[in-house]
Amino acid sequence: MSEVIVVTSGKGGVGKTTTAANIGTGLAALDKKVVLVDTDIGLRNLDVVLGLENRIVYNLVDVIEGNCRLKQALIRDKRYANLFLLPSAQTRDKTSVTPEQMKKLCEELKKQFDYILLDCPAGIEQGFRNAIAGATKALVVTTPEVSAIRDADRIIGLLEAEDLRDIRLIINRLRMDMVKRGDMMSVEDVSDILAVPLIGILPDDEQVVIATNQGEPLAGKPGLCGQAYLNICHRLLGEEVPFQDLDVKKGILGRLFGR
Amino acid sequence: MSIFGKKRKASGTIAKDRLKLLLISDRVSCSPQTMQMLKNDMIKAAGKYIPVDAGKVTICFHQSPPVLTADIPLKSRKDTGS
């Protein structure tokens with residue numbers, strides 16, 4: 001029984017691709033057969049985040065147009081033999097693919113994989129329509145900023161209008177120090193406003209930037225973020241995992257020796 | 001907020017309040033101006049039949065299920081003098 005999950009956000013730059021790469025890696029680490037599909041045609045990115053940019057021969061559009069077989073376009077991950085990438089085309093645009101073709105592709109991938117993760121482009125135009133066409137679940141990524149939350153709310157509305165109602169929220173780049181002094185909306189504020197069940201909270205961590213620089217996703221590695229990504233994966237598998245305490249400990253001793 | 005006496009509303013709260021207002025109009029694709037016009041029309045309509053306390057009327061949208069709620073306080077008997 002496989003699942004097709006779209007990672008989306010509306011606004012660009014909130015961490016969709018990084019989130020998709022890490023959840024894909026995490027699910028693979030948990031022994032699931034996973035394919036990550038980069039649906040951002042014309043702006044290929046997922047390959048570099050995964051460190052697989054030098055292995056691309058065929059892409060998503062080649063598969064859809066029948067220039068190659070699906071198997072030829074799938075790139076096996078460096079670390080996990082059960083993780084694959086279907087890269088996007090860099091020299092084409094969003095109109096090269098239709099939602100119906102994407103649906104068909106997802107059905108095809110379902111035969112081979114436990115999880116199909118679709119990395120959605122920013123915006124609400126055709127690229128978004130294509131990405132959500134075959135999905136049965138959506139992960140909406142937002143940061144605790146007004147612009148990102150506004151766009152996330154719009155996206156949630158559009159997903160519901162397309163009858164995609166299994167929606168989970170991921171709050172990315174949370175800074176507890178700012179939340180504590182009242183200068184950032186808290187997890188509760190954001191989830192209250194968007195009224196969608198929460199599945200993950202990611203602290204703002206420089207490790208994420210470093211990992212992206214190296215093309216090595218963090219999921220499963222030691223550290224707060226690696227654990228947070230892995231927790232999301234466990235929750236996707238239906239396990240109850242409490243949210244980590246990202247809070248800096250109270251009291252002077254806690255402040256000095258916290259974490 | 002500050003012990004030095006300079007009072008500042010936490011920017012997180014400002015963000016939350018601004019968003020709440022913004023999303024109400026986004027969700028029903030109805031601008032704040034349109035909301036005001038709708039409110040005025042409702043006051044006028046209700047006021048034709050019953051004495052309405054126009055200053056205290058509030059209208060708001062709820063998300064799921066989507067409902068428009070109008071809270072229209074009426075003028076008490078001593079206000080109307082009847």
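**View 1. The second largest pocket of this predicted model, with a volume of about 340 Å³.** Zoom in on the middle of the pocket and you meet A:Gly13, A:Val14, A:Gly15, A:Thr18 and A:Arg173, the closest to its centre of the 24 residues that line it.

**View 2. What the lining of the second largest pocket is made of.** Three elements of chain A each supply at least two lining residues: helix H1 (16-29), strand S7 (167-174) and helix H10 (206-214). Sorted by class, the lining comes out as nine nonpolar, eight polar and seven charged residues.

**View 3. Where chain A meets chain B.** Chain A brings 13 residues to the contact and chain B brings 15. Putting the two chains together buries about 1,200 Å², and carbon and sulfur atoms give 56% of that area.

**View 4. Salt bridges and polar contacts across the interface of chain A and chain B.** There are three salt bridges here. One of them pairs A:Arg150 with B:Asp26, whose closest N and O atoms sit 2.6 Å apart. Look for polar contacts across the same interface and you get seven residue pairs, with both partners at pLDDT 80 or more.

**View 5. The side of chain A that touches chain B.** Helix H7 (146-161) and helix H9 (187-194) of chain A each put at least two residues into this side. H7(A) gives the largest share, with four residues. By class, this side of chain A splits into seven nonpolar, one polar and five charged residues.

Definitions and conventions:
Residues are numbered from 1 along each chain as its sequence is written. Chains are lettered from A and ligands numbered from 1 in the order in which they are written. This is a predicted model: local features need pLDDT of at least 70, side-chain atom pairs count only at pLDDT 80 or more; totals for chains, interfaces and linings use all residues. Side-chain values use heavy atoms; hydrogens and water are left out. On a 1 Å grid over the protein atoms alone, a cavity is a set of points where a 1.4 Å probe fits but cannot get out, and a pocket is an open set with protein on both sides within 12 Å along at least five of seven lines; lining residues have an atom within 4 Å of a point. Grid points are joined across faces, edges and corners, and a volume is the space filled by probe spheres set on the points. Ala, Val, Leu, Ile, Met, Phe, Trp, Tyr, Cys and Pro count as nonpolar, Asp, Glu, Lys and Arg as charged, and the others, Gly among them, as polar. Contact means heavy atoms within 4.5 Å. Buried area is the accessible area (1.4 Å probe) that two parts lose on being put together, summed over both. A salt bridge is a side-chain nitrogen of Lys or Arg within 4 Å of a carboxyl oxygen of Asp or Glu. A polar contact is a pair of N or O atoms within 3.5 Å; within protein, one must be able to donate a hydrogen and the other to accept it, and residues adjacent in sequence count only if both atoms are side-chain atoms.
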